[in-house]
Amino acid sequence: MRDKKDFGCNIVLIGFMGAGKSTIAGTLSEMYGLEVVEMDQLISERENMSIPMIFETRGEEYFRNLETELLIELQDRKNVVISCGGGVPMRERNVAEMKKNGRVALLSASPEVILERVKDSHDRPVIEGRKNVEYIRSLMEKRREKYMAAADFIVNTDKKSAEEICRELVEKLEECNKIIK
Ligand SMILES: Nc1ncnc2c1ncn2[C@@H]1O[C@H](COP(=O)(O)OP(=O)(O)O)[C@@H](O)[C@H]1O
Ligand SMILES: O=C(O)C1=C[C@@H](OP(=O)(O)O)[C@@H](O)[C@H](O)C1
Ligand SMILES: [Mg+2]
């Protein structure tokens with residue numbers, strides 16, 4: 001691991017389920033010595049329940065409110081990689097919160113690649129029982145506008161290693177910081 005790098009902001013990872021947010025957060029942490037907040041994991045630990053169990057027993061709205069509360073809580077932090085759940089940018093309030101202190105990286109991937117990455121897991125209630133390219137493509141289309149509106153920059157992840165994605169992401173982040181400063 002390198003010395004801790006100071007980006008002067010949080011790095012917020014958004015994108016569709018399976019785009020690689022959790023994976024890339026881990027690799028960014030290893031490569032640049034950054035702390036990671038994995039939103040799903042933290043919510044799950046605090047509720048002492050898996051994400052599918054929270055959806056089943058408390059309902060989606062309850063989960064979405066936890067996401068918003070957590071994002072608000074994270075605004076006091078700096079140099080943290082925030083790995084969002086795929087639905088986080090759907091709420092305007094969430095986007096406003098993540099932009100206060102963070103640069104927002106949208107990880108993208110084709111529906112075919114997404115399917116390959118998510119087909120064997122059962123921890124995503126939004127697509128459980130509907131894991132096919134058509135459904136993934138249509139949900140992606142529905143979410144596209146909000147993802148794009150939230151993003152400061154985009155990194156496509158198809159056919160790239162985690163290290164390649166991280167290097168590209170940091171290049172784009174530094175470019176973005178230059179422009180904003
Ligand atoms: N760049 C990549 N190339 C190949 N597989 C990947 C890549 N990024 C993520 N994966 C795999 O895809 C699956 C979903 O990744 P994950 O990081 O959980 O996505 P997300 O958090 O966006 O839902 C995991 O099995 C992970 O190992
Ligand atoms: O897109 C979504 O609505 C969701 C994505 C999931 O996270 P990942 O994007 O990490 O799979 C998780 O937050 C929950 O199952 C809902
Ligand atoms: Mg994830």
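Because the model is predicted, local features need pLDDT of at least 70 and side-chain atom pairs count only at pLDDT 80 or more, while totals for chains, interfaces and linings use all residues. Residues are numbered from 1 along each chain as its sequence is written, and chains are lettered from A and ligands numbered from 1 in the order in which they are written.

**Ligand 1**

- Ligand 1 is surrounded by 13 residues, of which Gly20, Lys21, Ser22, Thr23 and Arg117 are the closest; a residue counts as near a molecule if its C-beta atom, placed from the backbone, lies within 6 Å of it.
- Two or more residues of this shell come from each of H1 and helix H8 (162-180), and H1 provides the largest share, three residues; helices (H or I, at least four residues) and strands (E, at least two) are DSSP runs, numbered from the N terminus.
- The shell around ligand 1 divides into four nonpolar, six polar and three charged residues, where Ala, Val, Leu, Ile, Met, Phe, Trp, Tyr, Cys and Pro count as nonpolar, Asp, Glu, Lys and Arg as charged, and the others, Gly among them, as polar.

**Ligand 2**

- Around ligand 2 lie Met17, Lys21, Ser22, Asp40, Ile51, Gly85, Gly86, Gly87, Arg124, Pro125 and Val126.
- By class, the shell of ligand 2 holds four nonpolar, four polar and three charged residues.

- An unreviewed UniProt entry places the feature "binding site" at Gly18, Ala19, Gly20, Lys21, Ser22, Thr23 and Arg124; UniProt positions are given in the numbering used here, feature names are shortened, and annotations may be inferred rather than shown by experiment.
- Glycine 18 sits in the loop between strand E1 (10-14) and H1, and it counts as buried because 25 C-beta neighbours lie inside 10 Å; a residue is buried if 20 or more other C-beta atoms lie within 10 Å of its own, exposed if 12 or fewer, and partly exposed in between, with C-beta atoms placed from the backbone.
- Beyond its neighbours within four places in sequence, glycine 18 is in contact with Ala109, Ile114, Arg117 and Val118, contact meaning that the C-beta atoms of two residues, placed from the backbone, lie within 7 Å.
- Serine 22 belongs to helix H1 (residues 21-32) and is partly exposed, because 17 other C-beta atoms lie within 10 Å.
- When neighbours within four places in sequence are left aside, serine 22 is in contact with Glu38 and Ser83.
- Threonine 23 also lies in helix H1 and is partly exposed, with 18 other C-beta atoms within 10 Å.

- Arginine 64 is part of helix H4 and counts as partly exposed, having 16 C-beta neighbours inside 10 Å.
- Not counting residues up to four places away in sequence, arginine 64 touches Gly87 and Arg91.
- Glycine 86 is found in the loop between strand E3 (80-83) and helix H5 (92-101) and, with 23 C-beta neighbours inside 10 Å, counts as buried.
- Glycine 86 is in contact with Gly15, Phe16 and Met17, leaving aside its neighbours within four places in sequence.

**Helix packing**

- H1 and H8 pack with their axes 9 Å apart and at an angle of about 75°, which means that H1 is roughly perpendicular to H8; axes are lines fitted to C-alpha atoms, for helices over the stretch in contact, and angles run from 0 to 180 degrees between N-to-C directions.
- Angles under 35 degrees count as roughly parallel, over 145 as roughly antiparallel, 65 to 115 as roughly perpendicular and the rest as oblique.
- Thr23, Ile24, Thr27, Leu28 and Met31 of H1 meet Ala162, Glu163, Ile165 and Cys166 of H8, and the residues of this contact divide into six nonpolar, two polar and one charged.
- Helix H2 (residues 39-47) and helix H4 (residues 60-73) have axes that come within 11 Å and cross at roughly 110°, so H2 is roughly perpendicular to H4.
- The contact of H2 with H4 is made by Met39, Leu42 and Ile43 of H2 and Leu66, Glu67 and Leu70 of H4, a set with five nonpolar, no polar and one charged residue.
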